[in-house]
Amino acid sequence: MQLPPPLRNAVEDEAARHSLPLLIQAAADLSERYRNPQSPPERLMITEAHRAAYIATRMPATYAALHRVFGETARRVTPLSLHSLLDLGAGPGTAAWAAAEIFPELREITQIERDPALIRLGKSLVREGAREALRTAVWRQEELAQRTALPEADLVVCSYTLNELGPTAAKQVVRRAWTAARHALALVEPGTMSGFSLLRELRGELLALGARIVAPCPHQETCPMPEGDWCHFAARCERTALHRRLKAGALGYEDEKFSYLVAVTPPAEPAEARILRRPAAHPGFVKLELCTPDGLRKKTITRGDKAHWKQARKAEWGDAW
């Protein structure tokens, strides 16, 4: 997965405004602050160099995760068309770019972000070649936790934001987000124990509100994940030469670990099962770890199972089964 060419070019142009040593230091600052949970969110990106380093190193990874989440959303809400998007805590607009790729019918995008500098950056990234919905998107500078009501949209997304608010405020935001969602609500957080734990709490809130969870969960029952484990997935993004230099990475790719929920208005149906770990392929058989309506299950698909062998050989972590 890589950024759309217009966005990729805009990111590189923005980075070119700063010297390489300055960007390397800014990227190191961001990495240190992300590792330190005591760092307040507003201290993550202080300067223009920090913001340029962010879109060069983090935007590709979050785009890849959101692209995968929206792809699964599209499979679950078919044949509905999603014409409007509301992004809560939009940052530089990553979610809107991913949604525009998955849902070409999008016509209206509203993005709520509290940081005016990120709003200016997000607007500057939308240039010639971007989809019309991105060029006409409405940005609102607001504190998400202070909103008492939200504008309605077919699809509402809140990504990499709720953990910063705390559980109480996150629940309030999700209740308002669900009220605003005409068809679907997508929540995305880092694929960590804390990110998953928050989403598991919010899952209960959504079910109580009458939402139907269609991804990744294949059921509406209590989450079967045992204590000490967490449900998360991975999306692979391509690293540009600049990305590798800023992160001192030798590999040409990076795997973004994420947890997510997609809630929809009935009667959409979830998958029959979800692959929770990377499939273990062996000569003649493939081992799968699944979440099913009956709990966590391990399944072995052999070459002799002609009905499922081809699917098992192509299956990836996070796929429906």
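**A close look at Phe285**

Modeller: Setting aside residues up to four places away in sequence, Phe285 touches Ala280, Thr300, Ile301, Thr302 and Trp309. Keep in mind that this is a predicted model. Phe285 lies in strand β11, which covers residues 285–292. Is Phe285 buried, partly exposed or exposed? Its relative accessible area is 27%. Buried would need under 20% and exposed over 50%, so Phe285 counts as partly exposed. Now take one of its partners, Trp309. Phe285 and Trp309 are 24 residues apart in sequence. In space, their C-alpha atoms are 8.2 Å apart.

That leads to the chain as a whole. Among contacts between residues at least 6 apart in sequence, 72% join residues at least 24 apart. The chain has twelve helices and twelve strands. Of its 321 residues, 50% count as buried. The C-alpha trace spans about 60 × 45 × 40 Å along its principal axes. How does the radius of gyration fit a compact globule? For 321 residues, such a globule would have a radius near 20 Å. The chain has 20 Å, so the two agree.

How far can you trust the coordinates? The mean pLDDT of the chain is 92. At least 70 is reached by 97% of the residues. Among the elements, strand β1 (residues 84–88) has the highest mean, 98. Helix α11 (residues 241–247) has the lowest, 84.

Next, the aromatic rings. The count comes to four aromatic pairs. One of them joins Phe233 and Phe258. Their ring centres are 6.3 Å apart, and 50° separates the planes. Stacked needs under 30 degrees and edge-to-face over 60, so this pair is tilted. The pair links distant parts of the chain. Phe233 belongs to strand β7 (residues 233–238), and Phe258 to strand β8 (residues 253–264). The two are 25 residues apart. Phe233 has a relative accessible area of 1% and is buried. Phe258 is also buried, at 1%. Ring pairs bring in Tyr260 too, so that Phe233, Phe258 and Tyr260 form a cluster.

The charged end of Arg236 sits over the ring of Tyr253, 3.8 Å from its centre. Tyr253 is also among the contacts of Arg239. Arg239 lies in the loop between β7 and α11. Leaving out neighbours within four places in sequence, Arg239 is in contact with Arg244, Gly249, Ala250, Leu251, Gly252, Tyr253 and Glu254. Arg239 is buried, at 13% relative accessibility.

The second case is Arg58. Its charged end sits over the ring of Tyr160, 6.0 Å from the centre. Tyr160 lies in the loop between β4 and α8. It counts as buried, at 18% relative accessibility. Its backbone deserves a look as well. Phi of Tyr160 is near 50°, a positive value, and Tyr160 is not a glycine. Most residues other than glycine have a negative phi, and most peptide bonds are trans. The peptide bond from Ala215 to Pro216 is cis, with omega near -5°. Pro216 is found in the loop between β6 (212–215) and β7.

Back to the loop between β4 (153–159) and α8 (162–165), where Thr161 also lies. Thr161 is buried, with a relative accessible area of 9%. Which residues does Thr161 touch, not counting those up to four places away in sequence? They are Leu88, Gly89, Leu144 and Glu189. Leu246 is 85 residues from Thr161 along the chain. Their C-alpha atoms are separated by 24 Å.

Last, helix α1, residues 5–15. Its buried residues are Leu7, Ala10, Val11, Glu14 and Ala15. They cover an arc of only 135° around the axis, so they lie on the same side of α1. An α-helix has 3.6 residues a turn, so residues three or four places apart point the same way.

Technical notes. Residues are numbered from 1 along each chain as its sequence is written. This is a predicted model: local features need pLDDT of at least 70, side-chain atom pairs count only at pLDDT 80 or more; totals for chains, interfaces and linings use all residues. Side-chain values use heavy atoms; hydrogens and water are left out. pLDDT is the predictor's confidence in each residue, from 0 to 100. Helices (H or I, at least four residues) and strands (E, at least two) are DSSP runs, numbered from the N terminus. Buried means under 20% relative accessible area, exposed over 50%, partly exposed in between (1.4 Å probe, protein chains only). The arc is that of the directions from the helix axis to the C-beta atoms. Rings of Phe, Tyr and Trp (its six-membered ring) pair if their centres lie within 6.5 Å; planes under 30 degrees apart count as stacked, over 60 as edge-to-face and the rest as tilted. A charge sits over a ring if NZ of Lys or CZ of Arg is within 6 Å of the ring centre and within 35 degrees of the ring normal. The radius of gyration is taken over C-alpha atoms; the globule rule is 2.2 Å times the number of residues to the power 0.38. Contact means heavy atoms within 4.5 Å.
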